[in-house]
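Work through these exercises with the structure open. Try each task before you read its solution.

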Amino acid sequence: MRDALRASGLRSYWLRQYGCLHTLQARTAAEAHVTGTLNTLPLPYRAAYALTLRLLPAAFLLVSGRGLRKASAAEGRRGMRRLAALPGFGDVVRASTALALLGALDGLPGQQRPAPHRGADR
């Protein structure tokens, strides 16, 4: 699943869209969360998801006329809006992005989360 995610071009898209993924630690945690979660899917779903990820660059090029890895942030957003019209692609992009952002928020397994500020729960 990691190879399919890397082939998709989503990592470069996320980097341009989400400032929280600018650190290597956040990107690593994001990728680990996406691949770890997708690896728990039943085999037919996992295979379909991996195929959709691998087809994503060609589909993006088809709808936008631009490669996903080289698209600017604005071109990426416009292309993703157009891509959402193709069955399955919008769902895969939204779900993968949500998983990536959750992974960046949670960090890598075993990482120490910072303690909340005193009085934060008031």
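A residue counts as buried when its relative accessible area is under 20%, as exposed when that area is over 50%, and as partly exposed in between. The model used here is predicted.

**Exercise 1. The buried side of a helix**

Task: Find which residues of α2 are buried, and what covers them.

Solution. 
Step 1. Apply the cut-off to α2. Leu10, Ser12, Tyr13, Trp14 and Gln17 are buried.
Step 2. Recall the geometry of a helix. An α-helix has 3.6 residues a turn, so residues three or four places apart point the same way.
Step 3. Look for the cover. The elements over the buried residues of α2 include α1 (2-8), α3 (24-38), α4, α5 and α6.

**Exercise 2. The chain as a whole**

Task: State how many helices and strands the chain has, and what share of its residues is buried.

Solution. 
Step 1. Count the elements. The chain has 6 helices and 0 strands.
Step 2. The order is α-α-α-α-α-α.
Step 3. Turn to burial. The chain has 122 residues, and 34% of them count as buried.
Step 4. The accessible surface of the chain is about 7,500 Å², and carbon and sulfur atoms account for 58% of that.
Step 5. Check the contacts along the sequence. Take those between residues at least 6 apart in sequence: 68% of them join residues at least 24 apart.

**Exercise 3. Packing of α4 and α6**

Task: Describe how α4 and α6 pack, and name the class of each angle.

Solution. 
Step 1. Read the geometry. Helix α4 (residues 43-64) and helix α6 (residues 89-106) pack at about 105°, and their axes are 10 Å apart.
Step 2. Classify the angle. Angles of 65 to 115 degrees count as roughly perpendicular. Therefore α4 is roughly perpendicular to α6.
Step 3. List the contact. Helix α4 brings Tyr49, Thr52, Leu53, Leu55, Leu56 and Ala59. Helix α6 brings Phe89, Val92, Val93, Ala95 and Ser96.
Step 4. Sort by class. This contact of α4 with α6 has 9 nonpolar and 2 polar residues, with no charged ones.

**Exercise 4. Packing of α2 and α5**

Task: Work out how α2 lies against α5, and which residues meet.

Solution. 
Step 1. Read the geometry. Helix α2 (residues 10-17) and helix α5 (residues 73-83) pack at about 120°, with axes 9 Å apart.
Step 2. Classify the angle. That value makes α2 oblique to α5.
Step 3. The crossing of α2 and α5 is left-handed.
Step 4. Name the partners. From α2 come Leu10, Tyr13, Arg16 and Gln17, which meet Ala73, Gly76, Arg77 and Met80 of α5.
Step 5. Sort by class. The contact of α2 with α5 has 4 nonpolar, 2 polar and 2 charged residues.

**Exercise 5. Two residues of that contact**

Task: Decide whether Gly76 is buried or exposed, and list what Arg16 touches beyond its sequence neighbours.

Solution. 
Step 1. Apply the cut-off. Gly76 has 0% relative accessibility, so it counts as buried.
Step 2. List its contacts. Leaving aside neighbours within four places in sequence, Gly76 is in contact with Tyr13, Gln17, Phe60 and Ala71.
Step 3. Take one distance. Gly76 and Phe60 are 16 residues apart along the chain, and their C-alpha atoms are separated by 8.9 Å.
Step 4. Move to Arg16. Arg16 lies in helix α2. Its relative accessible area is 31%, so Arg16 is partly exposed.
Step 5. List its contacts. Not counting residues up to four places away in sequence, Arg16 touches Leu68, Arg69, Ala71, Ser72 and Ala73.
Step 6. Take one distance. The C-alpha atoms of Arg16 and Ser72 are separated by 7.4 Å, and the two residues are 56 apart along the chain.

**Exercise 6. Two loop residues**

Task: Find where Cys20 and Ala84 are placed.

Solution. 
Step 1. With a relative accessible area of 47%, Cys20 is partly exposed.
Step 2. List its contacts. Cys20 touches Ala26 and Leu101, not counting residues up to four places away in sequence.
Step 3. At 40% relative accessibility, Ala84 counts as partly exposed.

Conventions: Residues numbered from 1 in each chain as written. Predicted model: local features only at pLDDT ≥ 70, side-chain atom pairs only at ≥ 80, totals over all residues. Heavy atoms only, no water. Axes fitted to C-alpha atoms, helices over the stretch in contact; angles between N-to-C directions. Helix = DSSP H or I, 4+ residues; strand = E, 2+ residues; numbered from the N terminus. Parallel < 35°, antiparallel > 145°, perpendicular 65-115°, else oblique. Contact = heavy atoms within 4.5 Å. Nonpolar A, V, L, I, M, F, W, Y, C, P; charged D, E, K, R; others polar. Left-handed = near helix turned anticlockwise from the far one by under 90°. Buried < 20%, exposed > 50% of the residue type's maximum accessible area, 1.4 Å probe, protein only. Areas by Shrake-Rupley, 256 points an atom, 1.4 Å probe, with all protein chains shown as cover.
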